[in-house]
Amino acid sequence: MVQQSRFKYQKIQNDFDSYVKNCYGFKTEEERLKVRKAFEFALQAHSGMTRYSDEPYINHSFEVAKIVTRVMGLGTKSAIAALLHDVIDKTEYDIEDIERHFGSKIANIIIGLQKIKESDFFSNHSQASKLREILLSISDDIRVILVKLADRLHNIRTIEFVSYEKQQKTINEILKVYAPLAHRLGLYNIKTELEDLCLKANNPEIYNQITNKLKDNKRERLQFINRFIQPVRKELEQNQIDFTLKSRSKSIYSIYKKMQTKKIGFEEVYDLFAVRIIFKCPKEEKENTTAIKIGKIVSAIYSEKEDRRRDWLYNTKDTGYQALHLTVLSTEGKWVE
């Protein structure tokens with residue numbers, strides 16, 4: 001047992017050494033040394049502690065640091081805060097220790113994270129939108145929220161190791177507060193993973209059914225998307241638009257919600273497919289003008305479902321997101337967003 005534990009710690013240490021060496025967020029040797037110092041501090045503080053999964057506790061802190069740097073693209077201070085985020089809550093160290101070793105900025109991020117943990121707003125406020133506003137206003141440093149989102153993401157990734165009651169509390173908080181918050185901050189991949197993993201934990205049968213259906217027709221979907229975008233690509237090129245095309249399927253959770261809301265089966269979910277056209281605007285033309293031109297090109301090729309048009313070009317979302325969303329009917333009778 002001792003040998004197995006030693007092996008786990010050695011593996012984490014090796015993974016961390018590789019992480020610090022190769023992470024693009026750490027630009028200088030000085031920054032890498034600071035992150036290493038935080039890891040060693042957290043490793044010593046959490047010494048002998050394990051999670052419900054029986055993994056060394058430091059593994060959770062390290063995974064949160066990887067999310068904030070590799071997934072969110074944040075830098076040194078965020079990685080340090082992620083590595084230390086549970087130290088004053090779970091160990092004998094206090095905020096003065098953090099400030100003495102790592103400075104006031106890191107200490108302030110940790111204080112913000114503690115405010116979220118210690119506050120009772122989850123039990124005192126019923127409106128999810130109100131909760132999100134409180135979260136956003138609880139600190140003047142957005143890194144507090146980003147580290148907390150990373151912490152929630154790793155928690156849901158390992159949720160099978162906690163009790164049913166704790167699972168339900170975590171799932172409820174994520175779906176009502178953290179997933180919408182990730183969406184508001186433009187972290188769409190994180191929002192999708194949070195929601196999908198909540199569904200997997202809460203309703204594994206439905207999750208597996210949808211996953212398997214998506215896997216079964218993956219090749220067919222890719223072939224369909226390729227056929228769909230060919231005429232669009234041709235027209236965009238002829239109009240000398242500098243663009244990139246990306247395609248994706250609707251998320252598992254989104255499919256589930258559509259099936260529940262509309263009371264339909266998987267085969268009846270009409271907007272399984274989405275194509276994103278990202279363009280570089282010509283110098284002599286405004287972005288919105290180019291976007292509308294592209295929308296007209298697509299609508300000239302495929303019939304548009306008018307009630308599904310979403311125009312965020314002139315009415316920008318509060319996240320700063322600007323786009324024109326169309327849903328069109330392919331020549332094969334399938335809807336594409």
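How many positive and how many negative side chains does the chain have, and how far apart do the centres of the two sets lie? There are 57 positive and 47 negative side chains, and the two centres lie 3 Å apart. In this count Lys and Arg are positive, Asp and Glu are negative, and His and the chain ends are left out. The place of a charge is NZ of Lys, CZ of Arg, CG of Asp or CD of Glu.

Before I go on, the ground rules. This is a predicted model, in which local features need pLDDT of at least 70, side-chain atom pairs count only at pLDDT 80 or more, and totals for chains, interfaces and linings use all residues. Residues are numbered from 1 along each chain as its sequence is written, and side-chain values use heavy atoms, with hydrogens and water left out.

Now the overall picture. The chain has 16 helices and seven strands; these are DSSP runs numbered from the N terminus, with helices being H or I of at least four residues and strands being E of at least two. The C-alpha trace spans about 65 × 50 × 45 Å along its principal axes. Accessible surface comes to about 18900 Å², and carbon and sulfur atoms hold 47% of that. Those areas come from the Shrake-Rupley method with a 1.4 Å probe, and for residues only the protein chains shown count as cover.

Of the 337 residues, 44% count as buried. Buried means under 20% relative accessible area, exposed means over 50%, and partly exposed is in between (1.4 Å probe, protein chains only). As for contacts, meaning heavy atoms within 4.5 Å, take those between residues at least 6 apart in sequence: 65% of them join residues at least 24 apart.

Next, the interior. In soluble globular proteins, nonpolar side chains tend to be buried together. A nonpolar core here is a set of buried Ala, Val, Leu, Ile, Met, Phe, Trp, Tyr and Cys residues joined through side-chain atoms within 4.5 Å. The largest such core has 60 residues, and the members touching the most others are Tyr19, Met72, Leu84, Ile98, Ile110 and Ile156. Helix α10, residues 142-157, gives the most to this core, with eight residues. A second, separate core has 31 residues, including Tyr207, Leu236, Ile255 and Val275.

Which residues does Tyr19 contact, leaving aside neighbours within four places in sequence? They are Phe26, Phe62, Ala65, Lys66, Thr69, Arg70 and Ala79.

Ala79 brings us to helix α4, where it is one of the buried residues. Eight of the nine residues of α4, 76-84, are buried, so this helix is largely enclosed by the rest of the structure. The buried ones are Thr76, Ser78, Ala79, Ile80, Ala81, Ala82, Leu83 and Leu84.

Val144 sits in it and is buried, at 0% relative accessibility. Val144 and Ile109 are 35 residues apart in sequence, with their C-alpha atoms 5.4 Å apart in space. Asn155 is also in α10, and Asn155 is buried at 15% relative accessible area. Beyond its neighbours within four places in sequence, Asn155 is in contact with Arg51 and His60.

Glu195 belongs to helix α12, residues 188-202, and counts as buried at 10% relative accessibility. Not counting residues up to four places away in sequence, Glu195 touches Leu175, Ala179 and Tyr253.

For those thinking about cysteines: the structure holds zero disulfides, a disulfide being a pair of cysteine sulfur atoms within 2.5 Å. Cys23 is buried at 8% relative accessible area, and Cys198 is buried at 1%.

Last, the loops. Most residues other than glycine have a negative phi. Gln240 has a positive phi of about 55° and is not a glycine. Gln240 lies in the loop between α14 (218-238) and β1 (242-249). Is Gln240 buried or exposed? Gln240 is exposed, with 72% relative accessible area. Lys263 also has a positive phi, near 55°, and is found in the loop between α15 (252-262) and β2 (273-280). Lys263 is exposed at 74% relative accessibility.

Thr316 is in the loop between β4 (310-311) and β5 (324-325). At 39% relative accessibility, Thr316 counts as partly exposed. Leaving aside neighbours within four places in sequence, Thr316 is in contact with Tyr321 and Gln322.
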